[in-house]
Amino acid sequence: MAQPHALSSAGRALSRFTSCDIGDALVKLGVPYGGFLSGLQMWSPERQSGTRKIFGPAYTVQMVEANDKSAPNPPIHFADGIPKDSVVFISQPKGLYSACWGGLMSTRAKYLGAQGVVIDGNFRDVNEHRDLGFPLFAKGWSILGSNTFTRSAGLNVPVTFTSDIQPKPVTINPGDVILGDADGVVAIPPTFVEQCLKLCKERFNIDEETKKCLEAGEEMGPTILKLRK
């Protein structure tokens, strides 16, 4: 089983920026949807608030329905393969009312040093994750566990992401850089990291200057025309 790639120095430098900063840069670079993964919300350690952030290479897990006999069976439990400093990215089959992640999995992931988990699907045990202080982002929740509904079939394999307003599938590859904060979750393909960092730095400096002008009472329209060339 391949491990997620280590972050480059440029990749690590991106961690200072927000999902909004990175999304705007990726739009300019032509990345579909600006890397934004719509519908994923922060549930822990707080509900869509605070300054906590997750940032790291994706460790992907493909779930299938439990009765799928054709899909492979990984040699280990997916929670035991989590690399240190990774962001766990779970892809659950669509249309299920069960959870595919719970408090015990966050306990294991935290011990192994994961940055957090992003679930394209449902989770449960919200207070357990919050008591652990473990960052969790998901589309939805459930009271039902995964045992009789889903199982893992692929570890560190490409998975696809869609949402109601993003019907064209986005592929999340192992090692893609994932950042999640109170505004949302963004996926950064490694080939765009250096260009993304350059644009984020440029836009950050412009926005800081814009903020100073606005705080001094200057009008928004002329200020943007002057600074955002």
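This is a predicted model: local features need pLDDT of at least 70, side-chain atom pairs count only at pLDDT 80 or more; totals for chains, interfaces and linings use all residues.

Colleague: What does Arg 12 contact, leaving aside its neighbours within four places in sequence?

Modeller: Arg 12 is in contact with Leu 7 and Phe 55, once neighbours within four places in sequence are set aside.

Colleague: Next, Leu 14. Where is it found?

Modeller: Leu 14 belongs to the loop between α1 and α2.

Colleague: Is Leu 14 buried or exposed?

Modeller: Leu 14 counts as buried because its relative accessibility is 0%, and the cut-off for buried is under 20%.

Colleague: And which residues does Leu 14 touch?

Modeller: Not counting residues up to four places away in sequence, Leu 14 touches Ile 22, Phe 55, Leu 179, Ile 188, Val 193, Cys 196, Leu 197 and Cys 200. Val 193, Cys 196, Leu 197 and Cys 200 are also among the buried residues of helix α5.

Colleague: Then let us turn to α5. How many residues does it have, and how far does it reach?

Modeller: Helix α5 covers residues 193-215, which is 23 residues. From its first C-alpha to its last it reaches 32 Å, close to the 33 Å expected at 1.5 Å a residue.

Colleague: What covers the buried residues of α5?

Modeller: The cover includes the helices α1 (9-13), α2 (19-28) and α6 (220-227), together with the strands β9 (177-181) and β10 (184-188).

Colleague: What follows α5?

Modeller: Gly 217 follows α5, and its phi is positive, near 95°.

Colleague: Which residues other than glycine have a positive phi?

Modeller: Tyr 33 is one of them, with a phi of about 60°, and Asp 85 is another, with a phi near 70°. Most residues other than glycine have a negative phi.

Colleague: Where are those two placed?

Modeller: Tyr 33 is in the loop between α2 and β1, whereas Asp 85 lies in the loop between β2 and β3 (87-91). Tyr 33 is partly exposed, with a relative accessible area of 30%. Asp 85 is partly exposed as well, at 36%.

Colleague: Which peptide bond is cis?

Modeller: The bond from Ser 44 to Pro 45 is cis, with omega near 5°. Pro 45 is in the loop between β1 (41-44) and β2 (54-65).

Colleague: A change of topic: where is Ser 142 found?

Modeller: Ser 142 is in the loop between β5 (136-141) and β6 (150-155). It counts as buried, since its relative accessibility is 10%.

Colleague: What does the side chain of Ser 142 reach?

Modeller: The side chain of Ser 142 reaches the backbone nitrogen of Leu 144 at 3.0 Å. Not counting residues up to four places away in sequence, Ser 142 touches Tyr 97, Ser 98, Ala 99, Asn 122, Phe 123 and Arg 124.

Colleague: And Leu 144 itself?

Modeller: Leu 144 is also in the loop between β5 and β6, and it is partly exposed, with a relative accessible area of 31%. With Tyr 97 and Ile 143, Leu 144 forms a nonpolar patch on the surface, and together they have about 360 Å² of accessible area.

Technical notes
Residues are numbered from 1 along each chain as its sequence is written. Side-chain values use heavy atoms; hydrogens and water are left out. Helices (H or I, at least four residues) and strands (E, at least two) are DSSP runs, numbered from the N terminus. Buried means under 20% relative accessible area, exposed over 50%, partly exposed in between (1.4 Å probe, protein chains only). A polar contact is a pair of N or O atoms within 3.5 Å; within protein, one must be able to donate a hydrogen and the other to accept it, and residues adjacent in sequence count only if both atoms are side-chain atoms. Contact means heavy atoms within 4.5 Å. The expected span of a helix is 1.5 Å times one less than its number of residues. Patches are made of residues with over 30% relative accessible area and no salt bridge: like charges are joined within 9 Å, nonpolar side chains (Val, Leu, Ile, Met, Phe, Trp, Tyr) within 5 Å. Accessible areas come from the Shrake-Rupley method with a 1.4 Å probe; for residues, only the protein chains shown count as cover. A salt bridge is a side-chain nitrogen of Lys or Arg within 4 Å of a carboxyl oxygen of Asp or Glu.
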